[in-house]
Amino acid sequence: MSLKVKSMLITGTNRGIGLEFVRQIVKLPHPPKWLFATCRNPDQAKELQEVAALNSNVKIMKFEVTDGDGIKALVREVEKEVGEEGLNLLINGAAVLHRVNLEDVNEEVMVNSFNVNCVAPLLLSKAFLPLLKKAVKKSPVEGLSCDKAAIINLTSKMGSIGDNTSGGHYAYRASKAALNMISRSLSVDLKPEGILALAIHPGWVRTDMGGPRGLLGVNESVDSMIKVMGSLNEEKAGTFLNYNGAPIEW
Ligand SMILES: NC(=O)c1ccc[n+]([C@@H]2O[C@H](COP(=O)([O-])OP(=O)(O)OC[C@H]3O[C@@H](n4cnc5c(N)ncnc54)[C@H](OP(=O)(O)O)[C@@H]3O)[C@@H](O)[C@H]2O)c1
C-alpha cells in the first residue's frame, strides 16, 4: 500500500535522511498537498530549495527544534495553510550524534542530545496534537494509519538496551532510548484519539551521521521506510521497527 497523506511535516530536511524523504515523497503516486520541510538554515539548504522549486507543495520552514517559541510559530504557520484539514503525518527526523565515549562525556553533550533527540520530538508532537486531531476528524479511513494521523519518530537501534553489546555513545544511546519510551507512551495515550505513534530505525545509512561505512544508501532506507509507513495499522502502534518493518528489541 502506498502512502497517501494530504499533509505532512518532516524536521531536519536540509540533508541526509530528511532530505531524501522530501525527494521521494514528492514522487509518490499520491503526493501530499502540503509537505512542510523544516530546517535550521533554509538559505543554505540548496538541495532542498531545488526540490521545492520544482514542487509547489513543498513548503520550506525555518525551524530550530529546541526553540520553544519556534514550535508555536511553526504550528501557527502550518495551521494557516491546512486549516480544518489538519496535519496527517509528523516525522521527527532531526537529531544530533555527539561522538563521545566514557572519558569525553559531559553534562553539555548529554543535555543537548536529550533536548534535540527526545525533548524536541515530544514537545513538537504535543504542539501538533490539535492539528493531528483535526486530520482524524476529516479522515474517512477506519482504524489507525499514517494516512489518517500519525507521529513517526526516527529513532536508532543504538537506543535499544537489549541490542547494546558494544557500550559507549552514552548521550546518543540514552536519548534515543528515551525517545523510544516517549514513542510508546504517545502510542498508548493517542490510540483512543485515532492517532498512530511509533519509532522507526532507518538502518545504518550513509549520511553525515552514519558515515561512509553505513550499510545502506539514503535511497534504499527511505524507500523502504515509506513503504512500511504506507502499511502501518493499529497493530503497529507503539512498536520499535527496523526500516524494513521488522521489529527491534527494546
Ligand atoms: N544515518 C544513520 O545511520 C542513522 C542510524 C540510525 C538512526 N538515524 C536517525 O535518522 C535521523 C536522520 O539522520 P541522518 O543520518 O539524516 O542525520 P544527519 O545527516 O546528521 O542530519 C541530521 C539532521 O538533523 C538536523 N538537526 C540537528 N540538530 C538540529 C536542531 N537542533 N534543530 C533542527 N535541526 C537539527 C540537521 O540540521 P543541520 O544541518 O542544521 O545541522 C540535519 O538536517 C536521525 O533521527 C538519526 O538519529 C540515522
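Let's start in the sheet, where strand β1 (residues 7–10) and strand β4 pair in the parallel sense over 3 bridges; two strands pair if DSSP finds at least two bridges between them. Strands here are DSSP runs (E, at least two residues), as helices are (H or I, at least four), numbered from the N terminus. This is a predicted model, in which local features need pLDDT of at least 70 and side-chain atom pairs count only at pLDDT 80 or more, while totals for chains, interfaces and linings use all residues. Residues are numbered from 1 along each chain as its sequence is written, and side-chain values use heavy atoms, leaving out hydrogens and water.

What covers the picture of β4 itself? In a regular strand, side chains alternate between the two faces of the sheet. Both faces of β4 (residues 89–92) are covered, with Leu89 and Ile91 on one side, Leu90 and Asn92 on the other, and all of them buried (under 20% relative accessible area with a 1.4 Å probe, protein chains only).Now turn to the helices. Helix α4 (residues 107–138) and helix α5 (residues 170–190) pack at an angle of about 15 degrees, with axes 8 Å apart; the axes are lines fitted to C-alpha atoms over the stretch in contact, and angles run from 0 to 180 degrees between N-to-C directions. α4 and α5 are therefore roughly parallel (an angle under 35 degrees). The residues in contact (heavy atoms within 4.5 Å) include Phe114 and Leu122 of α4 and Tyr172 and Ile182 of α5.

Notes
Parallel < 35°, antiparallel > 145°, perpendicular 65-115°, else oblique. Buried < 20%, exposed > 50% of the residue type's maximum accessible area, 1.4 Å probe, protein only.
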